[in-house]
Amino acid sequence: MDVRISDAKALIWKGKARSISTKNLEGPLDVLPMHANFITLLKNAPIHIQTEDGTIKRFTFPLAVMSVRDNIAHIYTEIVSE
């Protein structure tokens, strides 16, 4: 699946992923390729993205929204890149 992480001014990271692991207010969640469409709020939750080559990318934002649609995960954060 494709993953894009961005703030209001810039693209922070993009790439292909095998999985995304994080948690929302309800608890832990994993997103795999071809996941059902959904949207959720992430607050200070570690986001672990396993890339296609097995590398783990780690991000944590005070507040973010993750949406998944058509095998594309978008993570929008309030942190503005300098």
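Colleague: Which strand does Thr51 lie in?

Modeller: Thr51 lies in strand S5, residues 46-51. Helices (H or I, at least four residues) and strands (E, at least two) are DSSP runs, numbered from the N terminus. This is a predicted model, where local features need pLDDT of at least 70 and side-chain atom pairs count only at pLDDT 80 or more, while totals for chains, interfaces and linings use all residues. Residues are numbered from 1 along each chain as its sequence is written, and side-chain values use heavy atoms, with hydrogens and water left out.

Colleague: Is Thr51 buried or exposed?

Modeller: Thr51 counts as buried because its relative accessibility is 8%. Buried means under 20% relative accessible area, exposed over 50%, and partly exposed in between (1.4 Å probe, protein chains only).

Colleague: What does Thr51 touch?

Modeller: Leaving out residues up to four places away in sequence, Thr51 touches Trp13, Lys16, Ala17, Arg18 and Lys57. Contact here means heavy atoms within 4.5 Å. The side chains of Thr51 and Asp53 are also joined by a polar contact of 2.5 Å. That term covers a pair of N or O atoms within 3.5 Å; within protein, one must be able to donate a hydrogen and the other to accept it, and residues adjacent in sequence count only if both atoms are side-chain atoms.

Colleague: Now charges. How many salt bridges are there?

Modeller: The count is two salt bridges, each a side-chain nitrogen of Lys or Arg within 4 Å of a carboxyl oxygen of Asp or Glu. One of them joins the side chains of Asp2 and Lys16 at 2.8 Å, N to O. Asp2 is in strand S1 (residues 2-6) and Lys16 in strand S2, so this pair ties together parts 14 residues apart in sequence.

Colleague: How exposed are Asp2 and Lys16?

Modeller: Asp2 counts as partly exposed at 29% relative accessibility, and Lys16 counts as partly exposed at 43%.

Colleague: And which residue does Arg69 meet in a salt bridge?

Modeller: Arg69 meets Asp70, side chain to side chain, at 3.6 Å, N to O. Arg69 counts as exposed at 57% relative accessibility, and Asp70 is exposed with a relative accessible area of 58%.

Colleague: Where is Asp70 placed?

Modeller: Asp70 sits in the loop between strand S7 (64-69) and strand S8 (72-77). Asp70 has a positive phi of about 55 degrees, although it is not a glycine.

Colleague: What about the phi of Asn44?

Modeller: Asn44 has a positive phi of about 50 degrees and is not a glycine. Asn44 lies in the loop between strand S4 (38-42) and S5.
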